[in-house]
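Please walk me through this structure in the viewer, one selection at a time. I would like to know what to pick next and what is there.

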Amino acid sequence: MATETVHHTALTLADQLPALQIVVPFIAAPLIVLLGSRRWAWPIAFASSVASLVIAAAMLASVLDGSIISYHMGGWAPPVGIEYRVDAANAFVLLLVAAISTVVLPYARTSIGKEVSERHHTLFYSAYLLCFSGLMGVAITGDAFNVFVFLEISSLSTYVLIAQGAERDRRALTASYDYLIMGTIGATFFVIGIGFLYMATGTLNLADLADRIADKGDSRTIRAAFAFIVVGIGLKVAMYPVHRWLPNAYTYAPSAITAFLAATATKVAVYVLLRFVFSVFQPAFIFEVNTLEFIILPFAIIAMFACSFVAVFQSDFKMMLAFSSVAQIGYILLGISFLNEAGVTAAVIHLFNHGITKAALFMAVGAYVFSAGGSFYDTMQGLGRRMPLTSAAVVVAGLSLIGVPGTAGFISKWVLVQGALEKGWWPVAILIVGSSLLAVIYVWRVVEVLYMQPTPAASRVREVPMSMLLPIWIMTLACIWFGLNTDMTMSAAQAAAQGLLSGSAGMMGQ
């Protein structure tokens, strides 16, 4: 079994950062309930989110050089104890989740006023922090069963948060129930896969699992474990064709929750898929290569086109963006299936860029719901003139969704095309460009509704408050900033890709 060259004993506050990353929001969640004060609920949630963001940024800065942070919970060394392990791949995801949460919370403070009953606000923020800490836990833990535990913490709180949309539309209850059923099936498949791995290797530590799987060689038990884990995480990722829970969940959830989940939940699930595919099983696992090239890749391409076509014909802006999200997940899975550095880099950077783009767009949809009372196109006619700042943000973020040069979306698609060409798969490169043209159609439909249709004479719609506009424009400007200045995102994504493609050696910081 490979060992780390330096054993680090956590003593100082800085050494405790991996634990604090989870503990701060996890403790804040029940604290909000115990205080029972609506006045204190939001400040506590926001303070814990900001603290998590600072911690995530500090850890990312310390691992960009390829080093590893290993934290042993309770002083118990792995593989016996639970390990929190931070490298460039999960530090990047931690930063994304914490940043999105910190931007969405000020927006949520205003938006939920019209979408969630006031008597539920305290429990709303408590469930939000449980979801947030669960997602962070999934990303940071180095223990396979711990991944399952944190997945369930985030999922159970997500079901509650989606159901809060019933105040505006009762279909949120059925959307939440559908997600509960599909999420439970996915979690069951995942934990069965973990059980098979434990049966075959006798360990649950991810780094230890990678070494023991490599030593075991080909095994039916390990093959079964791989299949169960991919299907289980595929449900959480909303991988086509097991994606049907996502459109309704995103459409009927409160707008702030949709923005948060669209930018983080599926991205964390993609990280779990990346971690198991590349670090635990490793690309040398022949069964895995066949799965990626003959199953994941075709379904990713189908998702890029099928869900984009469905998005074109939607009459609800929120539902359109939900189907677009499934198509964009197709791009990420396509990059993973390339099994080369450019492809994995594209997957990681698109995970980030799509997160900030969809956060901006879903928050903008929430602004229309707040002011106009709905997100259907017929309620948005001519709102480009009544809500100029919100509508301008929609246009800019829409260009990023398409992948226009100068926006964040262009960078990831450009690297994805490079990955396809490196493999010699030029037809796939053409399909990437072709599917992006479908995004032009559904984004243009929104622009046409906002700017080229007359505003109803009786309309009294006005721009939303600054507390909602500012978060929308922070994410919108981020789409431009990370499209023009790619140093941080590209260096982090490349470091993550190199670590992932190194297999177990990448987990050891070698």
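**A tour by selection**

Start with E115, which is buried, since its relative accessible area is 3%. The model on screen is a predicted one.

Next, select R171 and D169. A salt bridge joins these two as well, and the closest N and O atoms are 2.8 Å apart. Is D169 buried or partly exposed? With a relative accessibility of 16%, D169 counts as buried, because the cut-off for buried is under 20%. R171, at 41% relative accessibility, counts as partly exposed.

Now move to R38 and E118. The side chains of R38 and E118 make a salt bridge at 3.5 Å, N to O. This pair links distant parts of the chain, 80 residues apart: R38 is in helix α2 (residues 38-63), and E118 is in the loop between α3 (88-115) and α4 (121-140). R38 is partly exposed at 45% relative accessibility. E118 is partly exposed too, its relative accessible area being 48%.

Two packed helices are described by the angle and the distance between their axes. Pick helix α9 (residues 245-252) and helix α12 (residues 317-337): their axes come within 8 Å and cross at roughly 140 degrees. The two helices are therefore oblique to each other, as an angle has to be over 145 degrees to count as roughly antiparallel. The crossing of α9 past α12 is right-handed.

To see where α9 and α12 touch, show the side chains on both. On the α9 side, select L246, P247, N248, Y250, T251 and Y252. On the α12 side, select K318, M319, A322, F323, S325, V326 and I329, which meet those residues of α9. What kinds of residues make up this contact of α9 with α12? Nine are nonpolar, three are polar and one is charged.

Methods: Residues are numbered from 1 along each chain as its sequence is written. This is a predicted model: local features need pLDDT of at least 70, side-chain atom pairs count only at pLDDT 80 or more; totals for chains, interfaces and linings use all residues. Side-chain values use heavy atoms; hydrogens and water are left out. Axes are lines fitted to C-alpha atoms, for helices over the stretch in contact, and angles run from 0 to 180 degrees between N-to-C directions. Helices (H or I, at least four residues) and strands (E, at least two) are DSSP runs, numbered from the N terminus. Angles under 35 degrees count as roughly parallel, over 145 as roughly antiparallel, 65 to 115 as roughly perpendicular and the rest as oblique. A crossing is left-handed if the near helix is turned anticlockwise from the far one by less than a right angle, and right-handed if clockwise. Contact means heavy atoms within 4.5 Å. Ala, Val, Leu, Ile, Met, Phe, Trp, Tyr, Cys and Pro count as nonpolar, Asp, Glu, Lys and Arg as charged, and the others, Gly among them, as polar. A salt bridge is a side-chain nitrogen of Lys or Arg within 4 Å of a carboxyl oxygen of Asp or Glu. Buried means under 20% relative accessible area, exposed over 50%, partly exposed in between (1.4 Å probe, protein chains only).
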